[in-house]
Amino acid sequence: MEDLEMSKWSLVTKGFIKDNPTFVLVLGMCPTLATTTSAMNGLEMGLATLFVLVLSNIAISLIAPVVPDKVHIPVYIVVIATFVTVLQLLMQAFVPSVYATLGLFIPLIVVNCIVLGRAEAYANSHNALDSALDGLGIGIGFTMSLTVIGIIREILGSGSVFGWKFIPGDGILAFVMAPGAFMVLGYLMVLFNKYLRHS
Amino acid sequence: MEFFIIIISAIFVNNILLSQFLGICPFLGVSNKLSTATGMSGAVCFVITLATIVTYLVNQYLLVPFGLEFLQTIAFILVIAALVQMVEIILKKISPSLYQALGIFLPLITTNCAVLGVAITVVTKEFTFGGTPHMLNLGESVVYALATSIGYGLAMILFAGLREHLSMNDVPKPFRGLPIALITVSIMAMAFLGFSGMV
Amino acid sequence: MVLCLTAVCLFCGAILGIVNAVTEKPIAEAAHNALVASIAQVLPEGGEISDANISDGFEYYTSTSEDGVIGYAVKSSTIGFGGTLTLMVGILPDGTVYNTSVLAHSETPGLGAKCTSDEKFTSQWEGFASDKVLKVKKDGGDVDAITASTITSRAYTLAVANAVEFVKSMNGGLGNE
């Protein structure tokens with residue numbers, strides 16, 4: 001029993017470091033770079049992806065046995081696009097300001113390779129509970145990475161964390177703009193490779 | 001004059017890769033060699049332009065008249081997936097040599113968020129080319145899509161050139177592979193910032 | 001095979017139809033609330049706010065109390081650095097700007113985007129007197145620009161100036177209330 005619980009737990013935690021979607025699998029780079037101008041934006045984008053990931057993993061693990069092999073990719077894309085649209089409509093209705101900030105990158109979750117990747121690599125051949133946990137783990141890993149990048153860019157670029165300003169002045173603007181996104185991700189990957197990956 | 005502004009703005013000022021962060025995954029994935037980068041750029045160029053025309057028409061004559069704009073995401077991704085399939089089949093029949101050059105990249109393009117990104121941007125965002133804010137018409141959309149994909153190709157080919165040289169250098173171990181590539185892109189993005197404010 | 005794909009599409013379409021029907025009202029309400037909030041922010045309290053009027057290409061709302069018109073909230077768009085900049089500008093009948101708020105913008109984060117948050121820039125619009133010149137200081141006016149974001153500041157100022165001009169011409173037409 002304990003073993004079983006351990007394995008369920010490791011399903012979730014493997015997404016944090018071992019299979020971290022950003023630093024190890026290097027998937028979903030577009031939202032990772034584009035929406036992490038602040039810690040809050042990164043966190044929100046991560047949670048939006050988490051939502052789609054968990055639901056689409058559950059749905060796909062349920063329908064996978066009856067979908068013919070030849071059309072499985074189009075079917076998965078339709079399922080994912082459905083959940084993305086549900087998310088879009090819900091966000092427009094209840095958190096319009098968040099939707100306005102993240103803009104284009106919400107519909108683009110459809111083509112985020114993480115979601116389709118997990119459907120193909122995992123949900124496809126596992127039961128609903130395991131798939132949900134897998135989606136949850138990967139989603140949390142993605143959210144953590146985005147939040148960390150967001151925190152670093154916000155500290156360097158605006159001198160604040162989650163909007164709480166503790167360094168007076170303007171900050172280094174390049175970190176809020178495009179070059180900073182690539183640079184922070186690049187250096188974080190270096191640190192990740194050096195200290196976390198092979199330990 | 002207006003077309004000229006669209007072209008300059010889409011290629012340099014708002015470069016899709018370096019300032020809008022769309023299509024980063026294939027950008028990092030296939031930019032190892034100049035030849036593959038060129039092939040990918042050609043394929044992306046072709047598909048983005050074609051997909052934008054078709055999705056524009058689908059949106060204008062199918063979704064809007066029936067009040068189905070909420071199906072945008074799902075309809076567009078299906079159109080793109082079908083289109084890529086069709087291009088692949090037609091190319092195979094008509095021009096085997098072109099198919100050899102672009103063929104292997106085509107399946108990757110469905111999940112290239114640049115394609116869906118441009119298609120959605122064109123039908124949802126107001127542009128300010130030529131003075132007053134307005135939605136793009138079909139002609140402007142085509143020019144915008146074509147110019148955007150040329151910008152994509154430009155950034156990709158420039159970067160592949162840099163990366164070929166990079167592979168010959170002795171890079172510290174944790175930096176090897178993607179991290180140093182990302183840092184290089186960061187410097188390129190900084191150079192492209194110089195274009196901002198030009199139009 | 002085709003059957004399966006069709007079935008999935010129909011099913012997903014149906015789900016989305018339902019979700020759309022459920023969220024349609026909250027979405028419209030959210031948009032309406034945002035508009036009302038922005039009008040309330042830019043005009044003095046206590047007025048009855050009218051429905052949208054459109055004239056000369058400007059969308060505006062009139063706030064009236066028992067003593068007549070309190071002010072106008074005018075939606076004004078110009079072109080900023082990154083794209084369209086849309087403001088809600090509250091103007092008193094005498095041409096004084098009461099306050100402004102940003103409805104939509106696509107300015108650079110950390111630079112032009114500070115037009116929504118930079119205390120020094122936003123607070124100067126509260127009670128911007130009608131005899132002050134609506135141009136940034138660099139161009140010989142009285143508006144303090146955001147540091148390093150002159151284009152955004154100019155666009156913002158122009159949007160306010162257009163709105164003021166519009167209210168003045170409208171009031172002139174009505175015999176200068």
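This note sets out points on a predicted model, chain by chain and contact by contact.

1. Chain A, secondary structure. Chain A contains eight helices and two strands. Read from the N terminus, the order of its elements is α-α-α-α-α-α-α-β-β-α. The radius of gyration of chain A is 18 Å, which is close to the 16 Å that the globule rule gives for 199 residues, so chain A is as compact as a globular protein of that length.

2. Chain A, extent and burial. Taken along the principal axes, the C-alpha atoms of chain A fill a box of roughly 60 × 45 × 30 Å. Of its 199 residues, 54% count as buried. Where contacts in chain A have a separation of 6 or more, residues 24 or more positions apart account for 74% of them.

3. Helix pair within chain A. Helix H3 (residues 39-63) and helix H7 (residues 128-158) of chain A pack with their axes 8 Å apart and at an angle of about 165°. Angles over 145 degrees count as roughly antiparallel, and H3(A) and H7(A) are therefore roughly antiparallel to each other. Their crossing is right-handed. By class, the contact of H3(A) with H7(A) comprises 18 nonpolar, twelve polar and two charged residues.

4. Contact of chain A with chain B. In this contact, 33 residues of chain A meet 30 residues of chain B. On the side of chain A that touches chain B, at least two residues each are supplied by helix H2 (29-34), helix H4 (72-94), helix H6 (113-121) and helix H8 (178-197) of chain A. The largest share, ten residues, comes from H8(A). Sorted by class, this side of chain A has 27 nonpolar, five polar and one charged residues.

5. Contact of chain A with chain C. Here 23 residues come from chain A and 19 residues from chain C. H4 and H7 of chain A are the elements that give two or more residues to the side of chain A that touches chain C. Of these, H4(A) gives the most, with twelve residues. The classes on this side of chain A are 16 nonpolar, six polar and one charged residues.

6. A:Leu108. This residue lies in the loop between helix H5 (96-102) and H6 of chain A. A residue is buried if 20 or more other C-beta atoms lie within 10 Å of its own; A:Leu108 has 24 C-beta neighbours inside 10 Å and therefore counts as buried. Its contacts, leaving aside neighbours within four places in sequence, are with A:Cys30, A:Pro31, B:Cys113, B:Leu116 and B:Gly117. The C-alpha atoms of A:Leu108 and A:Ala81 are separated by 9.3 Å, and the two residues are 27 residues apart along the chain.

7. A:Phe162. Although A:Phe162 is not a glycine, it has a positive phi of about 50°. Its place is the loop between strand S1 (160-161) and strand S2 (164-165) of chain A. Because A:Phe162 has 12 C-beta neighbours inside 10 Å, it counts as exposed.

8. B:Phe21. A positive phi of about 55° is found at B:Phe21, which is not a glycine. B:Phe21 belongs to the loop between helix H1 (2-13) and helix H2 (24-30) of chain B. With 27 C-beta neighbours inside 10 Å, B:Phe21 counts as buried, whereas A:Phe162 counts as exposed.

9. Chain C, secondary structure. Three helices and six strands make up the secondary structure of chain C. From the N terminus on, these elements run α-β-β-β-β-β-β-α-α. The radius of gyration of chain C is 21 Å, well over the 16 Å that the globule rule gives for 177 residues, so chain C is more spread out than a compact globule.

10. Chain C, extent and burial. Along its principal axes, the C-alpha trace of chain C spans about 75 × 45 × 25 Å. Among the 177 residues of chain C, 37% count as buried. For contacts in chain C between residues at least 6 apart in sequence, 49% join residues at least 24 apart.

Terms used. Residues are numbered from 1 along each chain as its sequence is written. Chains are lettered from A and ligands numbered from 1 in the order in which they are written. This is a predicted model: local features need pLDDT of at least 70, side-chain atom pairs count only at pLDDT 80 or more; totals for chains, interfaces and linings use all residues. Two residues are in contact if their C-beta atoms, placed from the backbone, lie within 7 Å. Helices (H or I, at least four residues) and strands (E, at least two) are DSSP runs, numbered from the N terminus. Ala, Val, Leu, Ile, Met, Phe, Trp, Tyr, Cys and Pro count as nonpolar, Asp, Glu, Lys and Arg as charged, and the others, Gly among them, as polar. Axes are lines fitted to C-alpha atoms, for helices over the stretch in contact, and angles run from 0 to 180 degrees between N-to-C directions. Angles under 35 degrees count as roughly parallel, over 145 as roughly antiparallel, 65 to 115 as roughly perpendicular and the rest as oblique. A crossing is left-handed if the near helix is turned anticlockwise from the far one by less than a right angle, and right-handed if clockwise. The radius of gyration is taken over C-alpha atoms; the globule rule is 2.2 Å times the number of residues to the power 0.38.
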